[in-house]
Amino acid sequence: YPGDPGPPGGDCAVHISAMGTGIPHLKVGDAALGHGLAALASLSKSDARLMAAITDSLSFEQACTLPTTWCTVHMSLLAARPASGHDVLLHAGAGGVGLTSKEYCHFIGNRAMANVGRPYKHFYLHKMGLAGRTLSSRDGSAFALGASKLLGSGRLRFSLNSLSADFIACTFALLRQDGKLCEIGKRAVWSYERHAAALHSNFTMIALDSTIEQTPWWMCGVLKQLSARADAFVLH
């Protein structure tokens, strides 16, 4: 990203020590998660619309790992709206977004597959319920062949993409007519114009930073939903 990134830290889990007026969903002393400014400092500031209260269902260590990854996955699934039983593909399945999306898709009832690199990552995802449903993230040809074999005569309803080069074209080829690819990558991604010239499937770029800036109250609702899901023990 061009420009000054500002002081380090974004996702945070905090005790609220002071706040302004007109903030109905928080109070001083609350534990909260969200997006802060200079969140790696001992004292950080934030827009209250980018914070939500949490209970002891999440530790601070757990809570601070969730805002960006979970909100990104939530936005992607809202855009694609896959239903129970649909086949979905999760690129980079052992990363933060990949693990979160695997858990979210299990909650919805999707049939997930994921690609990863090193053998220990395949083993880890097998233990998480994806035994026999992991693919290569190193070789585009091996990935395409493996995914096609898993799908058989079917096609993908949704893919959450963060890879580049051959993996983008292969993923589009695996989508069904009403399938959707949600792109969270930033390097060597397809433009809307290139996609429109090549394919008829749906394509959406997901940019959490722009959404935070443009619709902070909507983001507040998403963070409240995240907190509620944690209270219901449907995410970790």
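Reader: Okay, let's start with Trp 70 and Tyr 104: buried or exposed?

Author: Both Trp 70 and Tyr 104 are buried. Keep in mind that this is a predicted model.

Reader: How many aromatic pairs are there in the structure?

Author: There are four aromatic pairs. One of them is Trp 70 with Tyr 104, a stacked pair with 5.6 Å centre to centre and 25 degrees between the planes. Trp 70 sits in helix H2 (residues 67–80) and Tyr 104 in helix H3 (residues 96–108), so this pair ties together parts that are 34 residues apart in sequence.

Reader: Which residues make up the cluster that ring pairs link?

Author: That cluster consists of Trp 70, Tyr 104 and Phe 107.

Reader: And Phe 143 with Phe 167, why is that pair called tilted?

Author: The planes of the two rings are at 45 degrees, so the pair counts as tilted, and the ring centres are 5.4 Å apart. Stacked would need under 30 degrees and edge-to-face over 60. Phe 143 is in helix H5 (residues 140–151) and Phe 167 in helix H6 (residues 166–174), 24 residues apart.

Reader: What's the relative accessible area of Phe 143?

Author: Phe 143 is at 0%, so buried. Phe 167 counts as buried too, at 8%.

Reader: Switching to charges. How many salt bridges turn up?

Author: A search of the whole structure gives six. In one of them, the side chains of Asp 87 and Arg 111 meet at 2.9 Å, N to O. Asp 87 is buried at 12% relative accessible area, while Arg 111 is partly exposed at 42%.

Reader: What does Asp 178 pair with?

Author: Asp 178 forms a salt bridge with Arg 157, where the closest N and O atoms are 3.9 Å apart, and another with Arg 176 at 2.5 Å, N to O. Arg 176 is partly exposed, at 29% relative accessibility.

Reader: Which residues do salt bridges with shared partners join into one network?

Author: That network has Asp 87, Arg 111 and Arg 133.

Reader: Last topic, backbone. What's phi for Ala 38?

Author: Phi of Ala 38 is near 55 degrees, which is positive although the residue isn't glycine. Ala 38 is in the loop between strand E2 (31–35) and strand E3 (51–53).

Reader: And where does Ala 92 lie?

Author: Ala 92 is in the loop between strand E4 (87–90) and H3. Its phi is near 50 degrees, again a positive value in a non-glycine residue.

Notes. Residues are numbered from 1 along each chain as its sequence is written. This is a predicted model: local features need pLDDT of at least 70, side-chain atom pairs count only at pLDDT 80 or more; totals for chains, interfaces and linings use all residues. Side-chain values use heavy atoms; hydrogens and water are left out. Rings of Phe, Tyr and Trp (its six-membered ring) pair if their centres lie within 6.5 Å; planes under 30 degrees apart count as stacked, over 60 as edge-to-face and the rest as tilted. Helices (H or I, at least four residues) and strands (E, at least two) are DSSP runs, numbered from the N terminus. Buried means under 20% relative accessible area, exposed over 50%, partly exposed in between (1.4 Å probe, protein chains only). A salt bridge is a side-chain nitrogen of Lys or Arg within 4 Å of a carboxyl oxygen of Asp or Glu.
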